[in-house]
Amino acid sequence: IRSARFLSHVRRAKEFGIASASAQWDFAEVMERVQRVITEIEPHDSVDRYTGLGVDCVKGTAKILTPWEVEITKEDGTKQKLTTKNIVIATGSESAPLPGVTVDEKTVVTSTGALEIGAVPKELVVVGAGVIGLEIGSVWSRLGAKVTVVEYASMTCGHCANFHKKVFPALKARYVDTGKVRFIMREFPLDDLAAAASMLSRCAGGSDVTKSYDLTAILFEKQ
């Protein structure tokens with residue numbers, strides 16, 4: 001991300017008051033730096049490090065029983081209950097599987113595989129307009145790929161509405177409106193009302209997708 005952002009700044013030199021600027025870059029060296037940074041970070045994000053800092057680390061599957069209790073099923077099957085004043089959920093994330101789509105980390109890749117591609121792709125389709133999807137899309141766009149981001153949403157989904165009201169505007173302003181990525185929204189109707197809303201949005205937009213997005217935002221806002 002940092003290398004791609006640096007190249008972007010060089011190309012936009014005039015915006016920073018610099019008459020002209022250029023940079024020669026080697027894709028293999030950029031990717032080698034990515035792997036080197038990952039290797040340097042790994043030891044600082046491990047059980048051993050946190051244990052050394054005085055943190056009690058318990059491995060297992062956690063279940064929140066109450067706002068103050070967490071039950072952990074350990075790898076050997078035994079259970080341990082912890083009580084606390086505050087609970088922080090920081091489980092990380094993993095790529096959601098798509099029915100009928102095989103991930104080979106070559107042509108079809110996860111967010112991890114997307115940072116290990118051997119050459120800048122001519123075109124790249126990113127499924128999911130979350131932070132990770134748009135960041136990856138912007139990276140490859142800055143390196144020269146034509147990027148399209150596809151987002152699935154339902155007009156009656158509370159999670160989708162919350163994302164589009166509170167998170168997406170900032171992401172849209174940073175990545176979509178600046179031309180870094182092309183954005184397409186596809187409806188995933190959960191019920192008849194969602195199907196009707198999506199059809200209304202399409203009809204309102206006609207051939208102008210921006211108008212369709214405007215009505216979509218209003219429908220999410222009124223949810």
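Reply: Let's start at the hairpin of β2 and β3, where four residues sit between the strands and G77 takes a positive phi near 95°. Strands here are DSSP runs of E with at least two residues, and helices are runs of H or I with at least four, numbered from the N terminus. The model is predicted, so local features need pLDDT of at least 70 and side-chain atom pairs pLDDT 80 or more, while totals for chains, interfaces and linings use all residues. Residues are numbered from 1 along each chain as its sequence is written, and side-chain values use heavy atoms, leaving out hydrogens and water.

Strand β2 covers residues 69-74, and five bridges join it to β3 in an antiparallel run. You can find two of the facing positions yourself: T73 stands opposite K79 in β3, and I72 stands opposite Q80 in β3.

Now look to the other neighbour of β2. Six bridges join β1 to β2, again antiparallel, and G60 has K74 of β2 as its bridge partner. These two strands also form a hairpin, with two residues between them.

Put together, the strands make an open sheet of three with the order β1-β2-β3 and antiparallel pairing (two strands pair if DSSP finds at least two bridges between them). Because β1 (60-66) and β3 (79-83) each have a single partner strand, they stand at the edges, and one side of each is left without a neighbour in the sheet. On average, neighbouring strands of this sheet are turned by 25° against each other, direction ignored.

The largest nonpolar core has 33 residues, and W140, V147, V149, V181 and F183 have the most contacts inside it. Such a core joins buried Ala, Val, Leu, Ile, Met, Phe, Trp, Tyr and Cys residues through side-chain atoms within 4.5 Å. Several elements each supply at least two residues of this core, including α1 (2-11), α4 (131-142), β4 (123-127) and β6 (182-187). Its largest share, seven residues, comes from α5.

With 14% relative accessibility, F27 counts as buried (under 20% relative accessible area; over 50% is exposed and in between is partly exposed, with a 1.4 Å probe and protein chains only). F27 and S95 are 68 residues apart along the chain, and their C-alpha atoms are separated by 25 Å.

Notes:
Axes fitted to C-alpha atoms, helices over the stretch in contact; angles between N-to-C directions.
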